[in-house]
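Okay, thanks for coming, everyone. Let me put the structure up, and then I'll walk you through a few spots in it.

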Amino acid sequence: MTGATERATSRVLMALAAAWLCIRPECGLGATTAPPPPYVEYRQPVIAIAHVRVIDGTGAPALADQTVLISNGTIRSIEKSDATPPNAFVIDGTGKTLMPGYVGTHNHLFTGVGPRGHHRWRAMPFSFPRLYLAAGTTTIRTTGSMDIYSDMSAKAAIDAGTSPGPDIDLTSPYLTGPGNDDPQMYALRDAKDARETVDFWADRGITSFKVYTYISHDALQAVVTEAHARGLKVLGHLCSIGYHEAAALGIDSLEHGPYFTDTEFVPGRPATGCVDDLEQETSNAAIDPRDPRITGLISDLVARHVAVSSTLPVFESAYAPPSDAIEAPTLATMAPEQRDYVLAIRKSLFGPWPPAVLKKYPHIAADEPRLIANETQFELAFLHAGGLLTCGPDPSGYGAVVAGYGDWRELELLVAGGFTPLEAIHVATQNGAISLGREATIGTIAVGKKADLILVDGDPSTTISDIERVDTVFRDGIGYDSKKLFASVAGLVGEL
Ligand SMILES: [Zn+2]
């Protein structure tokens, strides 16, 4: 046997061994007595979390010393901790806070990778669902897919109970238009193609459609009409179409917010196609959040019931000063090659601007951080005006934002920008559920709702960083050990 043949044979044997292993009861097929996976901490049918502080997700003040009773995956009662309910497994919540699981509206199942210098998008069907759940995100909308069958498989495994992760609302592949140069997206040809594409994916379980930068007016109109006829939603990161125009066409959610993705205020904007990124950045950074163009936009979006999905972490990763190092736990999730790639891109992003750019855009170094500050002010004003603000980390970009850790960072950036912790948590829970049309079953701690809950040490209603001190995440009443879930994917992001 040659060495190559030996290796091939051993691979065949390994495959056979794996197949053999997976018909054994431990693998879950027909198992009734298999031990729970190591990351499952609680799966008693009736659980009482006693003496716990409750943040219910509505924005109301926290309630002290409550007992929350869960039975068979549903919240049965929330009462002052006077007596422990009989027949319940009791978890002592003293010193801890219970919140609804987060409902993320911009939570992709892919990340940016750079094999041999070529930036591409790679699905993370194994690590990202675990990271989301570990952080407390119990429901996600994928808001654009780069590998739709991988996303579908991840959802199927979670739904079947064979893999841990959040409840997933699947979004379509990216639908864009002429001028797109991303090989992993689909450029719709015309309105007919748009309708057929919506129907194709709707028939396969997709519940929302992601429309992207170069989509044409006619194609967007067709996507919206067809999706709405089937009771489905349309989410846009646009460029060729402005926010007012998209709202008038009936779009359901605008992703990232106007400072980052609305081109309509850029002087000399062409009638079709996109404008230069830096042109847009410098133009939008100069608009004060109290400017009538912004307040008028808020009124229009609120009147037309268009949601805005905040994704501050991905912009922080590109625009924030270099002193904002990537935190060690985030780096620890990455495979070595991914870590090298992310750190190299970061270094190049925060190096000096080329003289030609500085000549054309002399204030660019100050404009980028200002975009984040202005956008956060817009988001707060939009929320206060009655707008449906939702959020997610957007773990795309060059890979610096990772699922789970990015969800926490989004909440912390909202609070840094002026939101109260209770407002930020409300955005990340109840508002996300409303945007997904699931507010009757998830998004708040209320009797009759699903027991999708986060138990953290400390009090996030006063100290938002306490959201990082996760003890247990409950999904459908099953308690997952957050630290074990995080540990189960260490060093895998970028690969799996
Ligand atoms: Zn995105």
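Before anything else, one cut-off: when I say buried, I mean under 20% relative accessible area. And keep in mind that what you're looking at is a predicted model.

So, with that in hand, go to helix 14, residues 364-384. Phenylalanine 378 and phenylalanine 382 both sit there, four residues apart, about one turn of the helix. Are they buried or exposed? Phenylalanine 382 comes out at a relative accessible area of 0%, so it's buried, and phenylalanine 378 is buried as well, also with 0%.

Now the aromatics in general. The count comes to 16 aromatic pairs. Elsewhere, ring pairs tie Phe110, Trp121, Tyr174 and Tyr212 together into a cluster.

Arginine 204 lies over the face of phenylalanine 200, at 3.7 Å from the ring centre. Then there's arginine 293, whose charged end sits over the ring of phenylalanine 265, 5.9 Å from the centre.

On to the metal. Which residues coordinate the zinc ion? They're His106 and His108, each through NE2, plus Asp394 through OD, at 2.1 to 2.6 Å. Along the sequence, the donor spacing reads H-x1-H-x285-D. Both histidine 106 and histidine 108 are buried.

Strand 10, residues 137-141, is joined to strand 11 by three bridges, and arginine 141 has aspartate 169 in strand 11 as its bridge partner.

Last stop: tyrosine 39, in the loop between helix 1 (3-21) and strand 1 (40-42). Why call tyrosine 39 buried? Because its relative accessibility is 12%, and the cut-off is under 20%. Leaving aside neighbours within four places in sequence, tyrosine 39 contacts Arg130, Pro164, Gly479, Tyr480, Asp481, Lys484 and Leu485.

That's my tour. Over to you.

Notes. Residues numbered from 1 in each chain as written. Predicted model: local features only at pLDDT ≥ 70, side-chain atom pairs only at ≥ 80, totals over all residues. Heavy atoms only, no water. Phe/Tyr/Trp six-rings, centres within 6.5 Å; stacked < 30°, edge-to-face > 60°. Helix = DSSP H or I, 4+ residues; strand = E, 2+ residues; numbered from the N terminus. Buried < 20%, exposed > 50% of the residue type's maximum accessible area, 1.4 Å probe, protein only. Lys NZ or Arg CZ within 6 Å of the ring centre and 35° of its normal. Donors = N, O, S within 2.8 Å, 3.2 Å for Na, K, Ca; no water. Contact = heavy atoms within 4.5 Å. Pairing = 2+ DSSP bridges.
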